[in-house]
Structures are given as C-alpha cells and as structure tokens.
Amino acid sequence: MTVSETGTPLACRYGAVLADLDGVVYAGPSAIPGATEALEKLRDLGVALAYITNNASRSSAEVAAHLRELGAPATAEQVFGSALAGAELLATQVAQGATVLVTGSAVLAQHVADQGLVPVTTADPVPDAVIQGFEPSLGWKDLAEAAFAVAGGAVWVATNTDMSIPQARGIAPGNGTLVAAVSAATGRSPIVAGKPEAQLFTTAAAHLGVEEALVVGDRLDTDILGGNRAGMATALVLTGVDTAENALAAVTGQRPTYLFADLDQLHRPYPEVTEQDGVFSCGESSARVENGVVLMTGGRDDLDAWRAACAAWWAACPLQDTADLPGLKFLDEDAQR
C-alpha cells in the first residue's frame, strides 16, 4: 500500500471504476449515504463506471433499474453480472454452435445464445457443455440433468460459487450450494467465471475498452481477491462487510491497494504512505513492527493509522496464507493513561 499522493482525485488515475453493489452502493433497501453522489461525479472526471455483481438471475436492465431507483447513475450497459462473464468464458472453451445445457435463468440462456452457442434443456444426448447459474425455481431434476452431462464429459462452467445469498427472511443457499451438489455427484469441479475469479473483472474492462481499472468492494474474499487476480488496483471501502482490522490481517492475495472510508475518497488525492528506517507514515499517523506487534500512533478511528499499519505489517510479512491479526499497540492511548 505504499502509494504516492498527487493533487488530482484518485479516480483520475484510472480509466474506470468497477464497483461492487451490496455494501458499496447500497445496504439493504437503501443507498449508502454519499455513495450515489460520488458515483455520479465520476462522469465529470471522464472516468467510466461499471457495476460488478455475481448475481446471474437478474438481467442487467433489472439491476440498472434498481440502481436508478436508489439514485445511482446506471444503464444496462454498465452492469456486468456473472451470467455474461460465464457465457463469454464458456465461448472460449467450446466451438461456435456447440450445445450447452443451461441450468439457470432465462437471462443466462440468452447470454449463451448471444455467444453463438445453442442452449438445450436436457443431457440426452450429452451436450458439449453445461453452464450453471442461480435461479430460484431450480430443482432436483435440473441438477440431475447437469450431473448427467458433467459425468458424460461435458465442459462445465459455473457463473459463480456464492454459498449463500441474503433474502428478506434471512440467509438462503446460493449458487455455490447447487454447484456443490453436482460436484459431489460427479467428482468434478467447474471453471468459475464470477468473483473471486478474474473473468468478471476482465470482462467488464474489455467491454469498457479500458486498460487501467480500479475495483472497489467491501469484501476481501470476493471483490479484492478477484480484482487482484485480474491484475487491477483494488480499494476496500469500509461501508460493508470487512473492516480495517480485516484488511490488516488479510492473506496476501486479499490485500487491497487502498483503504477507503467511503466512496468520496474517489474524488480526493490518496494520502501518501512513506517509509523511513522501518517506520511507515501516513498523514499524522505512523506504524512500525516490533517483535510481531504493530505499534501505531493515531487513534483507533484514524484511517491513516490503519493505512500505515497495513503498509508496515505487509512489508514485515509479505507472504501470508492464513488470515491472522497481529498484536496491536496504540501508542497515543498508552501515553494518555
């Protein structure tokens, strides 16, 4: 996270911002305060905007309409779901005109057809490929057909492997549970298009025609990991699931380039993190590592302190394969006691 501050807004470093939805743009039924305004202002900077979602059951037009209801700027062309990414990924695995068993929504079937492939509804005869995405009405017979095709040697693509999805009544099984059922029956694993794989992000960037994109998300294990895998800069915004402590403890592949308090950071210069003699400084705060403990100046609510702490800890522990929060010591608090 050692980056230099410039006098221009951070977003201007990139051709596009690829934003997650839940936890970034909205939380539950409402927009996150200031989020839609920050996204709207990207247009004035000449920075493209796209929305990235693992949802494979709603069309881009439906997602865009929901975003507009919340006040966010959105057209169908700006929404990239795992159904599109899955269909495009599948098209690289089979020949034009190949038959594809679509276990999922009508939206997914249309994306498959748009790739010059032929959607089918049965595994008899065994199709060339199977693509599996979430649709609430899917049942045992649908999963059985998918298993028959996969066991018969068909190429298998999953739009995403989210194990759960939030519903009004609580948490419900997601596409990952349906994929797991077919995997358990066949002993095979699919190629995955959605987060945290790179395909969804590279699909969006390709459609936008940009080379440098910034991925903004609230989850380290999907948004940040996927953006990193795609070779893009990543920003963890602290308005959703993960916290600054989670970022500090993150495994190497899930470490973000930036930490945001909110989306307004897109329109401000990013504070410089510098290092001298093992002390990492950001703004008025600093951090260093001694005997496996991160010593921090600045308060617990000071984001610059966490930026400095992340830089110090990640430099001391560049390869980390398990999420493990190091010991923390806030020097200013100790001095006040």
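These legends go with close-up views of aromatic ring pairs and cavities in a predicted model.

**View 1**
A pair of aromatic rings is described by two things, the distance of the centres and the angle of the planes. The model has 4 aromatic pairs in total.

**View 2. Y14, Y258, F260 and Y270 make up one aromatic cluster.**

**View 3. W306 and F330 link distant parts of the chain.**
How far apart are the ring centres of W306 and F330? The answer is 5.9 Å, and the planes are at 70°, so this pair counts as edge-to-face. W306 comes from helix α11 (residues 303–316) and F330 from strand β20 (residues 327–330), which puts the partners 24 residues apart. Buried means under 20% relative accessible area, so W306, at 4%, counts as buried. F330 is buried as well, with a relative accessible area of 4%.

**View 4. The largest cavity has N55, R58, S59, S60 and G81 nearest its centre.**
Now for the empty space. Rolling a probe the size of a water molecule over the atoms shows where such space is left. This structure holds 2 cavities of 30 Å³ or more, and the largest has a volume of about 70 Å³. Its lining has 13 residues. Which helices and strands each supply at least two residues of that lining? They are α3 (60–69), β5 (79–81), α4 (82–91) and α5 (106–114). Sort the lining of the largest cavity by class and you get 6 nonpolar, 6 polar and 1 charged residues.

**View 5. The second largest cavity holds about 30 Å³ of space.**
Which residues line the second largest cavity? Look for V24, I32, P33, G34 and A35, then for T239, D262 and L263. By class, the lining of the second largest cavity has 5 nonpolar, 2 polar and 1 charged residues.

Terms used
Residues are numbered from 1 along each chain as its sequence is written. This is a predicted model: local features need pLDDT of at least 70, side-chain atom pairs count only at pLDDT 80 or more; totals for chains, interfaces and linings use all residues. Side-chain values use heavy atoms; hydrogens and water are left out. Rings of Phe, Tyr and Trp (its six-membered ring) pair if their centres lie within 6.5 Å; planes under 30 degrees apart count as stacked, over 60 as edge-to-face and the rest as tilted. Helices (H or I, at least four residues) and strands (E, at least two) are DSSP runs, numbered from the N terminus. Buried means under 20% relative accessible area, exposed over 50%, partly exposed in between (1.4 Å probe, protein chains only). On a 1 Å grid over the protein atoms alone, a cavity is a set of points where a 1.4 Å probe fits but cannot get out, and a pocket is an open set with protein on both sides within 12 Å along at least five of seven lines; lining residues have an atom within 4 Å of a point. Grid points are joined across faces, edges and corners, and a volume is the space filled by probe spheres set on the points. Ala, Val, Leu, Ile, Met, Phe, Trp, Tyr, Cys and Pro count as nonpolar, Asp, Glu, Lys and Arg as charged, and the others, Gly among them, as polar.
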